[in-house]
Each structure stands twice: as C-alpha cells, then as structure tokens.
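Subject: Model handover

Hello,

I am passing on the structure we spoke about.

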Amino acid sequence: MKSTPRLDELINIPKGKQKFDDILKQFGPEDFDFSKVLGNTTPSFSSLSDSNHNATMSRLREIGDRIAEEKNKEKRELEQYRESVLVTLQGIEKNTAVLKEMSMLLQKHGEKQDEIFAIMIEIMEIMKCSNKEEAETKFAAVTRKIATVSEHASTVTSLVGIAKTVYDALPF
C-alpha cells in the first residue's frame, strides 16, 4: 500500500513544480475511500423486508387514493355550486323579466290599466294559497278573467304567462 502524503507536504509544494494531475497520480483508489474516515454512512435497504415494503407501498396507494377522492369530491361540490348559482341567476332573470313584462303591459294599455292591474293583483294572490287545490281554483278563475279583459292575443298570452310563472313557483 502506498503511503499517503500528508496535507502539510502538499501545501509546501512550490508553485509551478508539480501540476495538480501529477499530485493526484500519487494516490491510488484506496486513498479516496472515505468510508475509512467517515465510517459506513451509506444507508442500507437490505434491512427492509418484502412485507414492510409491501405495507409501505400499500399505505402510499391508500394515501394517493384518498387524495384523488378528495379532489373528486371538491370537483363535484364546485360543479354543484356552479349549477346552483346558475339556477338562481336564471330564476332572478325570469323574475325580472316578469316584472318588466308587467310594467310594459300596464304602460301599453293605458285605457285598461286599472283592469290589468287588478288582474295582476289576483295573479299575485295565487301565491297566498295554502294548498294545490286552492291554487288550481284561483289559477283557473284568473285565466278566465284574463280572456275578458283584452282582445289582444299578446296581452292575454302575457298575463297567462305571468299567472303560470306564479303558479309554477308554488312549493306544492
């Protein structure tokens, strides 16, 4: 075995006398074996048995499945939320359209404004019904009355549409 030069010997090498490559040639591969100095620090996986490995892999798969399940759940909840918001906005749009339609009917028919307004109040009274039979009876009475107020098909259609919207909004 070659003797390894000491560091203080290497430091005292005059400049230009030896190249770094020449210095390295003085050492053999055994001189660069740091395990002698540091001890065996390389982790050994041979101590893991197959059952431990399989249990670890199984646990990792289980964790991955849980993460995927949570992401899917969040995705479904977000989609349900978006759909709920859309339905709410559509309801608001529909209600706003009904109000706009009511306002236009009243302004369009100045001569029959009081009669149309009275029918609109009767339409809104459908909302006060406590059961389906009562609501059906009021809805039928209002639709018969609508036909007597105006000869204009568009007015009759609009008022029946408003009455249907109110009736369809009932919880029963």
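The notes below go from the overall fold to an aromatic pair and then to a surface patch.

Please keep in mind that this is a predicted model.

Overall fold

The protein has 7 helices and 0 strands. Read from the N terminus, the order of elements is α-α-α-α-α-α-α. The protein has 172 residues, and 18% of them count as buried.

Aromatic pair

The count comes to 1 aromatic pair. Phe139 and Tyr167 make up this pair, with 5.2 Å from centre to centre and 35 degrees between the planes. Phe139 belongs to helix H6 (residues 132-149) and Tyr167 to helix H7 (residues 153-168), so the contact ties together parts that are 28 residues apart in sequence. Both Phe139 and Tyr167 are buried.

Surface patch

Which residues form the negative surface patch? They are Asp65, Glu69, Glu70, Glu74 and Glu77. One of them, Glu77, sits in helix H4, which covers residues 50-108. The relative accessible area of Glu77 is 43%. Glu77 is therefore partly exposed, as this value falls between the 20% limit for buried and the 50% limit for exposed.

Regards

Methods
Residues are numbered from 1 along each chain as its sequence is written. This is a predicted model: local features need pLDDT of at least 70, side-chain atom pairs count only at pLDDT 80 or more; totals for chains, interfaces and linings use all residues. Side-chain values use heavy atoms; hydrogens and water are left out. Rings of Phe, Tyr and Trp (its six-membered ring) pair if their centres lie within 6.5 Å; planes under 30 degrees apart count as stacked, over 60 as edge-to-face and the rest as tilted. Helices (H or I, at least four residues) and strands (E, at least two) are DSSP runs, numbered from the N terminus. Buried means under 20% relative accessible area, exposed over 50%, partly exposed in between (1.4 Å probe, protein chains only). Patches are made of residues with over 30% relative accessible area and no salt bridge: like charges are joined within 9 Å, nonpolar side chains (Val, Leu, Ile, Met, Phe, Trp, Tyr) within 5 Å. Accessible areas come from the Shrake-Rupley method with a 1.4 Å probe; for residues, only the protein chains shown count as cover. A salt bridge is a side-chain nitrogen of Lys or Arg within 4 Å of a carboxyl oxygen of Asp or Glu. Lys and Arg count as positive and Asp and Glu as negative; His and the chain ends are not counted. The place of a charge is taken as NZ of Lys, CZ of Arg, CG of Asp or CD of Glu.
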